[in-house]
Structures are given as structure tokens and as C-alpha cells.
Amino acid sequence: MREVASLASLMAMGECSRGLNIKRKIHMSFNGIEVDVPSMLLKKRDRNHPELSIESVAGLSVENDYFVQMSLGLVHTQALIAVLIKIGNCIRVRNEDMGSEGPKAVTIHITGFKKFQGVAENPTETIVNNLKDFVERRGLPPGVTLGSCTILETAGDGALPLLYQTLESSISRKDGTSNEQVVWLHFGVNSGAPKFAIEQQAVNEATFRCPDELGWQPQQAPIVSEDGGTTRARETSCCIEGILKLLKKKGFDVTISDDAGRFVCNYVYYHSLRFAEQKGHKSLFVHVPLFSRIDEETQMRFAASLLEAIASTC
């Protein structure tokens, strides 16, 4: 591996000037190696690749399609920092202010659904209603807050007024100068599933197999007409590979899915992803099985562990 970029080269490109106090950094942790890098040197890859890459400055070097190493000559300290980034997987990344202490604050708001046709007892209603008490007894890592817990109608358009009221409430509560990361976590039930599923994306199509709880049954209709046709997809910016790994380490039977269906879950997820992208938040949808497949206690532990996994990968 060879040196590929320096802060000096960025200065020459006009990205910063001599004497500038760089306050933003990315804290990276991989295989026990922890480093801090000016955030201007990092960016996310395109939406089909949730892993991180480095801005193409002064010639990016990728060895064996597996690791990237970058040596940064920091102008004021002359310190050298080696950065290892695994290609094809997520690593832990945390945004901080230089000189700040403790982890970045993460607030996670959750939603579930009421009962619907064929599911007289929706496990997500139980999970969302009980999770606050559950995590208060169990505890959450420092900096992690469980925010609002909302139960939505199992409906498409009929769920949107409460959904957007809840989404907008996080904007009004957030301090504009805060470094807080806001995450929207939506739970839905898949009555035929034997395991948990982390949904990678939602598509701009509503094709309801049956009427929702308010009697609406669209067919091959775009969810948001301004977004174009029904083939448009929006992907989560959450590090789902990292979340999956952490949950599997705790023994949960969980997978990643790229199909949230075309019913209410996909409908709500699409709106949430769109809102999150516009506001700089994150959104994630997770399907859970019925309690007859995985018992309530296990699902409560899964939900609490999911909060921790999301926060640790933000």
C-alpha cells in the first residue's frame, strides 16, 4: 500500500486555508484500530454501496480490492495517521466535534402498526408500546435516547397524517446547533416469516394485496408521483451490514431483505426514507415475525439490541 492523499494537497485545491481550525472529524474504529480523520476527506459511496470510500484526491490507492490506506500529513502537527477501510463492508463511524468528549448523541424514534386483516394481534404494537419501559430497566449506552413511540394505522394514505406529524415533531425538538443524529426505526410484521428482516430499501409502488384498514386498495400506483415511476427505489443510509453483524453476534436470527413488499410497510417506509433524506436523518424498517414464531421476550430483547446496534453504527 502507498500514500494516496494529504491534507496539504487539499489545501492546495482551496478546500481549506492556512490556520483554519478544523472542527469536524470522523472517528473510525476497525479491528481495534481507532483514528480521527477530517471529515472533508471522506464521503459515502453511491446508494448501491453502503460502505465508505475516500474522496479521489491525489490518486486513490486500493490494494487487492480489500483495504485502502491513506497517510495524512497534518499541516499543523506534522502527525501521520494510517486509515484502514474495509471495502465491501461497513465499519463503525462516528461524527464528532474536535476536542469533544463521549459518543455522538443518537435519538431513535420508533413506530409500529395496529392490527390488520389476518393479524388480530400485531406484535409491533406490543413492542413499541412496551419498549420504553423495557430499555429503562435494561439501560441504553451513553448518548443513546429512545424518543417517541408511535402506533400507526395499518393503512397507506390514512397513516400519513400521524406519520408526518411524528416525523416533523423531531425537527421542532432538535437544536439546530446540535450534533445529534436522528434515526427513524419502523417495525412491521411479516406473518409468514420465521426470522427478523432488516429492509434495505422501499420502492415507489403501492399494490395492496387487500384493502388496508381504512378500505384503500391502490394497484400499481406510485407512492409519490413527483418521484416518477413505480421502479424508483430509495435505500436506507443506515449501515445495515454492521447492524446485522452486531445482532447476529448476540444470537438473533436475522437477515437483510431487499423487498419490503408493496403493502403498507413499504408505503410508510418510502415516505420515511424520503423525509429522512431531505432532513438529514436516517430511516430503517425492520420486519418481525409473529409471537407464535419468536416469543415476545425474545422480540423485546431484539428490539433493544437493535437500538444499540443502530446507535453504534451511526
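Which residues form one aromatic cluster? In this predicted model, the members are Phe-116, Phe-208, Trp-216, Phe-263 and Tyr-267. I will go through two of the ring pairs among them.

First, some background. A pair of aromatic rings is described by the distance of the centres and the angle of the planes. The count for the model comes to ten aromatic pairs.

Take Phe-116 and Phe-263. Their ring centres are 6.4 Å apart, and the planes make an angle of 55°, so this pair is tilted. An angle over 60 degrees would have counted as edge-to-face. In the chain, these two residues are 147 residues apart, and the pair links distant parts of it. Phe-116 lies in the loop between strand S9 (106-113) and helix H2 (123-138). Phe-263 lies in the loop between strand S15 (254-257) and helix H5 (264-279). Phe-116 has 12% relative accessibility and therefore counts as buried. Phe-263 is buried as well, at a relative accessible area of 10%.

Now Trp-216 and Tyr-267. This pair is edge-to-face, with 5.6 Å from centre to centre and 85° between the planes. It also links distant parts of the chain, with the two residues 51 residues apart. Trp-216 is in the loop between strand S13 (201-203) and strand S14 (233-235), while Tyr-267 is in helix H5. Are these two buried or partly exposed? Trp-216 is partly exposed, at a relative accessible area of 30%, whereas Tyr-267 counts as buried, at 3% relative accessibility.

The charged end of Arg-209 sits over the ring of Phe-263, 4.5 Å from the ring centre.

Definitions and conventions:
Residues numbered from 1 in each chain as written. Predicted model: local features only at pLDDT ≥ 70, side-chain atom pairs only at ≥ 80, totals over all residues. Heavy atoms only, no water. Phe/Tyr/Trp six-rings, centres within 6.5 Å; stacked < 30°, edge-to-face > 60°. Helix = DSSP H or I, 4+ residues; strand = E, 2+ residues; numbered from the N terminus. Buried < 20%, exposed > 50% of the residue type's maximum accessible area, 1.4 Å probe, protein only. Lys NZ or Arg CZ within 6 Å of the ring centre and 35° of its normal.
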